[in-house]
Amino acid sequence: MNYGKRGIVNQAKELNSGTDKWGKKFSLFGFYILLSLIIGFFIIGASAGIGVFNGIIATAPDITNIDVTPSGFSTFVYDTEGNQTAKLVSTDSNRIPVTMDMVPENLAHAFVAIEDERFYEHNGIDIQGIIRAAVRGITTGNFSEGASTITQQLLKNNVFSGWTNETKLQSVKRKIQEQYLAIQLEKKMSKDDILINYMNTINLGSNTLGVQAASLRYFNKSVSELTLSECAVIAGITQNPSRFNPITHPENNSERRNKVLRKMLEQGYISQIEYDSAMADDVYARIQNVNQETGGDSTVNSYFVDALTNEVLEDLIDAGYNETQAYTLLYSGGLKIYSTQDPKIQAICDEVYTDESNYPEGTKYLLAYELSVQAADGTVTNYSSEMFTSYFKEQKSSFNMLFNSSEEADAAIEEYKAAVMSDGDTVLGEKINLTPQPQVSLTIEEQSTGYIVAMVGGRGTKTASRTLNRATDSYRQPGSTFKVISTYAPGIDSAGLTLATVFNDAPFAYSNGTLVRNWWGSEYRGLNNVRAAIRDSMNVIAVEAITLITPQLAFDYLKNFGFTTIVEKEVINGKTYSDIQQSTALGGLTKGVKNFELNAAYAAIANGGVYIEPKLYTKVVDHDGNVILDNTQANSKRILKETTAFLLTSAMQDVVTSGTGGSVNFGTTAIAGKTGTTSDYVDVWFAGFTNYYTATTWTGYDNNEKMTNSAEKNLSKTMWRKVMEKIHADLPYSSFSIPDGIVSATVCSRSGKQPIAGLCDGTLYTEYFEEGTVPTESCDVHYAGTMCAIDGCPSTESCPFKTAGVFELTPEVPAALQSGFVNYTPTNSAYTTVTDENGNTTTVLNTCHHTAEFMAQEGIDEIIAAEQAAAQAAAAAANPEAAAEAAPETVVDTVPENVAAGN
């Protein structure tokens with residue numbers, strides 16, 4: 001500043017200058033305008049910001065409609081004794097909710113210390129934390145440090161969805177709404193409620209959500225039992241569940257755990273002594289041990305639980321849920337399913353069926369194989385089991401994918417890969433599955449309730465849930481087990497048969513001309529009653545019986561027995577198939593049956609003729625304790641008279657005591673049952689029951705190969721006895737009771753009719769009958785008089801070959817069966833039914849052809865001599881040593897084709 005004389009003068013001039021005055025005025029004016037613009041822009045920006053902010057707040061979810069309770073909970077399955085047998089989970093549902101009183105104080109404090117140390121002080125948002133994070137971001141350039149409170153995290157997890165894929169702008173919007181709602185939420189919920197919902201919500205790694213699921217996964221105990229060290233482990237996972245997983249990254253979790261403990265010490269939640277003790281704890285060794293003992297994350301459900309989940313899904317859909325809703329509810333709805341599984345019986349079944357020493361020697365392995373190969377040019381080729389089979393069939397036509405060992409299968413795989421791959425090819429994927437053979441299945445039902453108490457769906461290690469369950473999913477031919485339920489049950493119940501009804505085991509053909517063959521070979525056993533036919537599993541008589549009662553009646557009864565796989569009429573590959581046919585008597589079906597349905601049919605007989613739809617659970621309760629599926633009431637109907645059920649049971653007792661099923665009889669209680677074998681031993685069954693339980697066992701190869709050795713052929717009976725004997729070890733002996741309406745009567749076993757004194761004395765036996773069905777007709781098989789040695793029937797007065805004595809005659813064949821008997825003519829029978837002019841029918845005895853007219857013809861002496869010579873020649877051929885002394889015998893026909901079921 002110039003304060004001299006000249007300087008003062010110059011300043012005076014400047015002050016008095018008009019030009020400078022106007023310049024300064026304009027400068028000041030411009031400043032005010034600029035300031036006004038700045039203020040205006042600030043006001044506009046602030047208004048806009050406030051508007052945007054208000055808009056964001058306005059679009060936030062309504063706090064009154066917000067539910068921060070976590071959704072998606074594990075479903076649990078319980079057996080009849082209340083034991084948990086399975087946990088069903090899907091993504092985001094492995095959660096088990098707990099209440100605050102179940103959570104250790106140390107665990108709650110651990111989360112607060114590491115996640116939100118001012119949780120108990122702030123109103124939903126942590127201003128101090130926000131300022132700290134902002135300063136850290138400005139000074140370091142890293143804005144990744146979070147300032148979200150536990151309340152905000154709870155909202156983020158349970159209210160806001162899709163935040164993992166949001167843009168930065170969407171993130172800002174969500175954080176503003178999060179903070180606003182956090183303040184509102186804290187006004188309506190207590191700190192404890194917020195904290196427990198948070199602890200039930202958070203992702204804690206290894207597909208666990210919430211502290212209880214995590215506690216069980218890592219420590220195999222309830223959250224209430226966690227130590228301080230274990231609490232710190234779980235609290236340390238939250239920030240990054242993958243990086244801080246204590247199983248896969250124990251070293252990372254250890255650092256985080258130590259920080260949690262340090263924070264708890266600093267904030268006064270624990271003492272120095274508690275801190276030192278927790279720091280010294282070797283917690284990660286325990287975690288690894290638990291992981292090995294519990295099988296880690298690879299829990300595989302049992303065959304019973306597989307069948308149960310399928311049934312519950314079907315019932316949920318029937319109750320009105322769509323398929324997606326039903327699946328979500330089952331795997332994420334926190335349901336409690338109370339099953340019918342008896343843990344003791346299931347344990348017995350598992351013990352028997354997992355013991356390889358119970359199976360025949362020489363186990364084979366069925367290979368299923370898939371291969372994906374990428375060529376050098378990028379082309380990908382997929383190879384299947386069918387292509388694998390075709391390759392080896394070119395070398396050996398009998399190749400069937402069965403191997404004697406895994407090493408043998410591996411060698412075949414390497415050979416195949418060498419054949420189909422070229423230089424430069426790369427294996428993209430390969431799937432090898434070896435299944436031991438023969439395979440098995442078992443269903444056990446408590447027939448009085450319909451409860452399936454145990455199930456085995458296969459043999460060998462079960463590698464995944466909801467795989468092939470041979471007890472519920474496989475269609476197999478039932479063989480001779482079908483004789484009882486398809487033929488004799490309807491025959492006795494409504495078609496006039498009794499256990500004493502006699503059929504003739506003689507050459508008999510299906511309607512298409514194919515001979516029926518008995519399982520024991522080409523010989524026939526002549527006259528036998530129904531009881532004997534069931535006991536000895538006689539094929540010919542079973543087909544005769546279904547022909548007599550009609551296949552349609554048999555089919556109708558099978559539907560009532562609960563079979564869903566039988567076919568009334570179905571076109572397959574242009575050809576029409578139906579199970580309304582004669583071969584159904586022997587279990588020759590279009591598709592086959594399922595083990596548990598066959599078992600339920602036999603359970604109906606065991607239950608006195610009342611069919612109860614088999615069930616795997618009694619009720620399903622939702623997360624809130626409401627019963628959503630009530631299966632306690634039996635879905636039952638009477639399908640047989642109680643008397644019919646008893647008669648069948650009585651006959652099937654003979655199967656076990658003196659018939660084809662004798663090896664299953666363990667002797668400590670009454671048993672009834674039926675063997676079942678298909679042609680060439682492709683399928684082998686035993687279905688049987690006691691007064692306590694009904695069980696059905698099946699054996700066979702998954703690829704329908706024939707069983708060849710005795711041990712394989714008898715495996716179903718072997719396993720049935722091993723299981724049922726242990727189940728009944730502590731149960732008292734119980735015989736089958738005789739219901740009202742059953743009477744006993746003595747009949748002739750050869751005719752099934754009233755015996756004739758002096759004629760039937762050697763063939764008398766006592767049989768059970770439904771009251772009113774005891775035969776009143778006299779025996780028509782035994783005959784006292786003279787027989788023609790040439791014709792084998794009663795002789796005429798003039799017959800030169802008549803012999804006196806007591807003989808057996810062939811009774812008249814019912815009209816419905818006559819066309820089935822080979823070379824049948826009315827004269828094959830000793831009787832003929834004639835109808836007079838008034839319509840009255842009379843049965844008359846057929847006599848030999850040596851009538852008075854025949855004997856009066858010219859040259860009769862030469863004719864008689866020729867007949868005698870022919871008879872002697874036939875006798876000599878039948879018994880060369882006895883020659884003329886041998887009496888004429890029934891001709892035994894040879895059946896050229898095996899069309900029969902087994903025993």
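What you see is a predicted model, where local features need pLDDT of at least 70, side-chain atom pairs count only at pLDDT 80 or more, and totals for chains, interfaces and linings use all residues. Residues are numbered from 1 along each chain as its sequence is written, and side-chain values use heavy atoms, with hydrogens and water left out.

Strand E8, residues 439-446, pairs with E9 in the antiparallel sense over 5 bridges. Strands pair if DSSP finds at least two bridges between them. Helices (H or I, at least four residues) and strands (E, at least two) are DSSP runs, numbered from the N terminus.

The open sheet has 5 strands, in the order E9-E8-E20-E19-E18, with antiparallel pairing. Strand E9 (451-456) and strand E18 (672-677) are at the edges with a single partner strand each, so one side of each has no neighbour in the sheet.

Helix H15, residues 343-354, packs on this sheet and touches E8, E9 and strand E20 (694-700). Contact here means heavy atoms within 4.5 Å. The direction of H15 makes about 20° with that of E9. Axes are lines fitted to C-alpha atoms, for helices over the stretch in contact, and angles run from 0 to 180 degrees between N-to-C directions.

Now the helices. At what angle do H5 and H7 pack? Helix H5 (residues 150-158) and helix H7 (residues 191-201) pack at about 50°, their axes 9 Å apart.
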